[in-house]
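Could you walk me through this model in my viewer, one selection at a time? I would like to know what to pick next and what is there.

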Amino acid sequence: MSDEIIRRDPRAEWIARNRLHPLHDAMQQAGAAETRGPSGLIRRNPHAVGFIGPNGIKRIDRMNGNGPAVGGRRSAGAAKEVELPLHKVENPDYYVVVVPDMVGGRLSGHDRDVIGQAHKLIREGEGAGAVLAVVFGEHREEAFDKAGVDRLLNITGEAFEGYTPELRVAALEQVEKEYAPKYWLLPDSVAAGFELGCRLAARIGERPATQAWQVSSEEAICRGAGGTTDITRKTPRLMLLAEECAEPIDETRHEVLPVELEASVSVQAVIQDCGQVAVDPNAIPLGEAEFILSAGNGVTDWNQFHQAAEALGATEGASRVAVDDGNMPRFRQVGATGTWVTARVYVAVGISGAVQHLQGIGQCDKVIAINTDVGCDMVKRAALSCIADSGEVMAELIRLANAYRQEVVENAA
Amino acid sequence: MQPDKQNANLRIAALVSVGKHPGSGRARRAEQDARAVEMGLAMAPQGLEVLHAGDPHAEALRAYAGMGLKKIRILQQGENADAVPALSQYLGESKPDIVLTGVRAESGESSGMMAYLLGEKLGMPVVTRIAEIVSIDNGQANLLQALPRGQRRALRVPLPFVASVDMAAAAPRQSAFGPASRAEMEAKKADVEVRDEVQASWSEAPARKRPKRLKVVKAKTAADRFKAATAKSSGDGGKVLRDKPASEMAQAVFDLLLEEGVIR
Ligand SMILES: Cc1cc2nc3c(=O)[nH]c(=O)nc-3n(C[C@H](O)[C@H](O)[C@H](O)COP(=O)(O)OP(=O)(O)OC[C@H]3O[C@@H](n4cnc5c(N)ncnc54)[C@H](O)[C@@H]3O)c2cc1C
């Protein structure tokens, strides 16, 4: 922290300006690298070049003009968090509606790409358009402004919880009526976007471009035939966009003004959601698992580890050392030579975080570390770290998970 | 095949298309469609009708027939015809209880719209990506839907309905040559044939390789660019809990897990 603060010495600066000051000559002599010698030649004093850096090592600053002021000391200051300019759309001429997936209640990378594409289409077209994002149910996203959302339509209510495609399509149909968007953009993803987009397309009678990966206001290039052909076509009104279709917004902030639907939506839904079925977490392929409890060399009680995984309902993973020692099977290994996992939540128990292991968890959202060593790389990577013995924490976790299950059962009864 | 699942008077239509091998590009039975046929065979071997709209002489259709079908019904139409009008016309008359399709075709536009368009035309509910039909009782079907990350969701839908079959469904049985060549290909000219005008204006080419997204560092000074290129990616430094009782730390971890919604 302290080395980012520029320390000025007002007295030294004042002496440097005031040629009549008794100390002026001495001060200038000490600091100047070049002086005119008695014979009129320029003399360089190499010892006077540069300054002493924060670590006591001499530094020569070659950034002209950016060097330290007389008496001042500046070190490479970290770039300050700059406030991005606010992009405002007062009275939008038209809307581009985006329906993000909101996996886990947050914007995914794919969602951001789609919003980026929406802004690209607005830039190419005429008039001022606004990006309207339609979000169903409660969300946990804080950075809608930085993702490029101008207007936010958050449709909440008990009826929208869970799997309610019919209701959602009815709501989108209402959006179509009230806002008459110029484009509909959805992510073409298994999460939700593909299904919702197709349903909406069939309902409002638009022919969508699917798996579109290069879209301008004139034409769209889409993958067809299971990804083996490219179809070039005129840009339709409704598009299901592939991942990385456009660059996400990163240089502006947006207003995120909340808007609402005038009419309320209700339908007689015939598809009944009976809830998610418990699947054996260990039957899920490691690369697909959503929640992984991973063990490393810091785990001693393996029975307890398996119990913890079962109690939490997590898929088991392991570091290479745990596998090499024969404590875990080979197909559970996470990392460069194992499986590259995509879990949303990854709990690393007693794993130091070697690069080979960190590579494998590069795509994980939230990493939790349980380790005795504060300085290890896994703790630096983690969003939450517990510096404690793995056995003790796991015992507590098992207790908490069981208590939670008990409570759920009691509440249900 | 579980016998209790076999419903004597259940009528299922499985829609099949000509698939395309992703490597060689050869015509084959489409993987998802074959799973739909398999599901139909397991549910109601007597009441299953396998339906194709297009060319009756396509060799790949024999691969479906080789799964033990007596007959494949073909609504014959030209290459550029839209399959939806012909199929919805036929299905509107034959009124099956369940219509099974694949999620996305392996050839053509492969937009995945078929199930939804049929559902809209026939006025049937559409369920997406089913992995299993568990049971049928009182005119309602209990289904398992495949979700990403190996999860399953239980759904209950009244008959009749349209369903698209996910890759997570039971793998299709092998296709045998003998039954394949014995099966009857019942071809009939489709009652309606609508040329796909929109598609005619498209241009199609082999898939180009997509450029990989590069990490662009937007830094103002050389020092910042250097740092971005060399610095270890070490998150934004998370919360560290230390010197606390284990129960307190475990509670913090558990709260985070609950907040993320991974504890079920
Ligand atoms: C070519 C190559 C490929 C590799 N590929 C992979 C790979 O794919 N996957 C992989 O994982 N590794 C891989 N490795 C190995 C990797 O370099 C590390 O050796 C390995 O990941 C370390 O595993 P670890 O973190 O479990 O063990 P350690 O490095 O021994 O770490 C153990 C950690 O547990 C902590 N600990 C100890 N006791 C306790 C306790 N009681 N409670 C809590 N914490 C405790 C320690 O503080 C330490 O941080 C590869 C290596 C090579 C050379």
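One definition before we start: angles under 35 degrees count as roughly parallel, over 145 as roughly antiparallel, 65 to 115 as roughly perpendicular and the rest as oblique. Keep in mind, too, that this is a predicted model.

**Stop 1: a helix pair.** Select helix H3 (residues 83-94) of chain B along with H4(B); their axes come within 10 Å and cross at roughly 45 degrees. H3(B) and H4(B) are therefore oblique to each other, and their crossing is right-handed. To see the contact, show side chains including Leu87(B) and Leu91(B) from H3(B), and Leu117(B) and Lys121(B) from H4(B). By class, this contact has eight nonpolar, two polar and one charged residues.

**Stop 2: the sheet.** Now colour the ten strands of the open, mixed sheet, in the order S16(A)-S10(B)-S9(B)-S8(B)-S11(B)-S7(B)-S1(B)-S4(B)-S5(B)-S12(B). S16 (272-277) of chain A and S12 (184-189) of chain B are the edge strands; each has a single partner, so one side of each lacks a neighbour in the sheet. On average, neighbouring strands are turned by 30 degrees against each other, direction ignored.

**Stop 3: one strand pair.** Zoom in on S9 (residues 140-146) and S10 (residues 152-158) of chain B, which pair in the antiparallel sense over seven bridges. Pick Ala141(B), and you will find Val157(B) as its bridge partner in S10(B).

**Stop 4: a helix from the other chain.** Finally, select helix H6 (residues 193-204) of chain A, which lies across S8 (126-137) and S9 of chain B, at about 95 degrees to S8(B).

Methods:
Residues are numbered from 1 along each chain as its sequence is written. Chains are lettered from A and ligands numbered from 1 in the order in which they are written. This is a predicted model: local features need pLDDT of at least 70, side-chain atom pairs count only at pLDDT 80 or more; totals for chains, interfaces and linings use all residues. Side-chain values use heavy atoms; hydrogens and water are left out. Two strands pair if DSSP finds at least two bridges between them. Helices (H or I, at least four residues) and strands (E, at least two) are DSSP runs, numbered from the N terminus. Axes are lines fitted to C-alpha atoms, for helices over the stretch in contact, and angles run from 0 to 180 degrees between N-to-C directions. Contact means heavy atoms within 4.5 Å. A crossing is left-handed if the near helix is turned anticlockwise from the far one by less than a right angle, and right-handed if clockwise. Ala, Val, Leu, Ile, Met, Phe, Trp, Tyr, Cys and Pro count as nonpolar, Asp, Glu, Lys and Arg as charged, and the others, Gly among them, as polar.
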